[in-house]
Amino acid sequence: MSSVLRVQKATFVRSGRRILKGIDWEVQAGQHWCILGPNGCGKTSLINLITGYEPATSGDIQIGEDQFGNSDWREVRKRVGLVTNTLTTFIEPGEPVINVIASGREAKLNLWQAPPAAWQRQAATLLKATGSPHLRKSLWGTLSQGERQKVLICRALMAQFSVLILDEPCAGLDPVAREHFLQWMAEIATWPESPSLVMVTHHVEEILPCLTHVLLLKNGQVHSQGEKADILTSEALSEIYGAPVELEERGERYALVVG
Ligand SMILES: Nc1ncnc2c1ncn2[C@@H]1O[C@H](COP(=O)(O)OP(=O)(O)OP(=O)(O)O)[C@@H](O)[C@H]1O
């Protein structure tokens with residue numbers, strides 16, 4: 001299997017604090033990952049290194065064949081998609097939904113002009129696949145939280161990334177919207193051209209069967225990583241959260257009982 005993303009001995013130091021302390025992690029083609037860890041363990045910091053928003057203090061980050069430092073990182077980052085709520089604040093409320101999606105082609109947030117017809121068609125096709133083709137004529141500012149998440153993922157899919165990082169994509173969704181959203185994510189994972197999905201979440205309920213691997217972080221270090229069935233245990237989760245928790249299997253999904 002080919003490597004899509006490789007992090008080797010990555011450290012991240014800010015304000016004299018060692019936030020990431022030697023992370024080794026590899027995502028191979030065809031794998032979909034979930035990252036779990038308590039607040040402040042370094043999940044966002046790790047994502048910031050992978051997307052090139054922050055330079056690692058030491059260590060190597062490789063996307064496919066290209067390594068940060070040896071390749072033009074602006075080109076490399078075009079292969080890593082990031083869907084995060086912080087993006088939403090940078091998009092103008094008056095921007096048409098189709099333009100928001102089409103802007104993913106150039107990794108720009110606001111296009112300020114009508115996108116080329118071919119991009120508009122591709123954007124409309126992606127939107128249709130979400131089951132929300134009626135949003136085609138909507139403006140960004142009128143969308144609900146769940147609709148915004150779908151549009152942001154469509155936007156990311158415009159660029160044909162090899163890795164798509166979803167940072168707490170279900171935050172703010174009601175239970176039904178969350179389940180619909182997760183099922184759509186599961187469908188994306190079945191596409192032959194699907195990027196490797198990396199989902200950061202605090203909720204084991206959101207770990208879908210399509211997520212094949214799990215990375216557990218604690219205090220800026222890898223606690224454990226590997227195939228979901230091996231890594232996701234009550235014992236491991238109790239260790240990372242520093243309190244007894246019980247992982248319950250419900251069909252192919254999970255629930256967590258605290259205490
Ligand atoms: N630029 C920075 N300067 C100083 N401290 C930072 C910086 N970036 C992150 N930190 C600190 O590093 C730690 C890890 O932060 P990070 O946001 O990566 O955690 P996280 O696992 O994503 O947390 P959460 O689950 O709460 O979102 C936190 O204690 C945070 O305050």
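Mentor: A polar contact is a pair of N or O atoms within 3.5 Å; within protein, one must be able to donate a hydrogen and the other to accept it. The model is predicted, with local features requiring pLDDT of at least 70 and side-chain atom pairs pLDDT 80 or more, whereas totals for chains, interfaces and linings use all residues. Residues are numbered from 1 along each chain as its sequence is written, and side-chain values use heavy atoms, without hydrogens or water.

The ligand is surrounded by 13 residues (a heavy atom within 4 Å). Arg17, Gly40, Lys43, Thr44 and Ser45 are the closest of them. Gly40 contributes through its backbone instead, with a polar atom 2.8 Å from an oxygen of the ligand. The protein buries 64% of the 640 Å² that the ligand exposes when taken alone (Shrake-Rupley, 1.4 Å probe). Two elements give two or more residues to this shell, β2 (17–28) and α1 (43–50) (DSSP runs: helices of at least four residues, strands of at least two). The largest share is that of α1, with 3 residues. By class, the shell holds 7 polar, 3 charged and 3 nonpolar residues.

Elsewhere, Lys150 in helix α6 (residues 145–158) is buried (under 20% relative accessible area; exposed is over 50%, partly exposed in between). Lys150 has no salt bridge (a Lys or Arg side-chain nitrogen within 4 Å of an Asp or Glu carboxyl oxygen), and Glu147, its nearest side chain of opposite charge, is 7.5 Å away. A polar atom of the Lys150 side chain does lie 3.2 Å from the backbone oxygen of Thr130.

The count of salt bridges is 6. Among them, Arg79 and Asp66 meet with N and O 2.3 Å apart. Arg79 belongs to the loop between α2 (73–77) and β6 (80–83) and Asp66 to strand β5 (residues 66–67), so this pair ties together parts 13 residues apart in sequence. Glu206 pairs with Arg178, their closest N and O atoms being 2.9 Å apart. Glu206 lies in the loop between β8 (196–200) and β9 (213–218) and Arg178 in helix α7 (residues 175–190), so parts 28 residues apart in sequence are tied together. Glu206 is buried at 3% relative accessibility, while Arg178 is partly exposed at 22%.

Notes. Nonpolar A, V, L, I, M, F, W, Y, C, P; charged D, E, K, R; others polar. Buried < 20%, exposed > 50% of the residue type's maximum accessible area, 1.4 Å probe, protein only. Lys, Arg positive; Asp, Glu negative; His and termini not counted.
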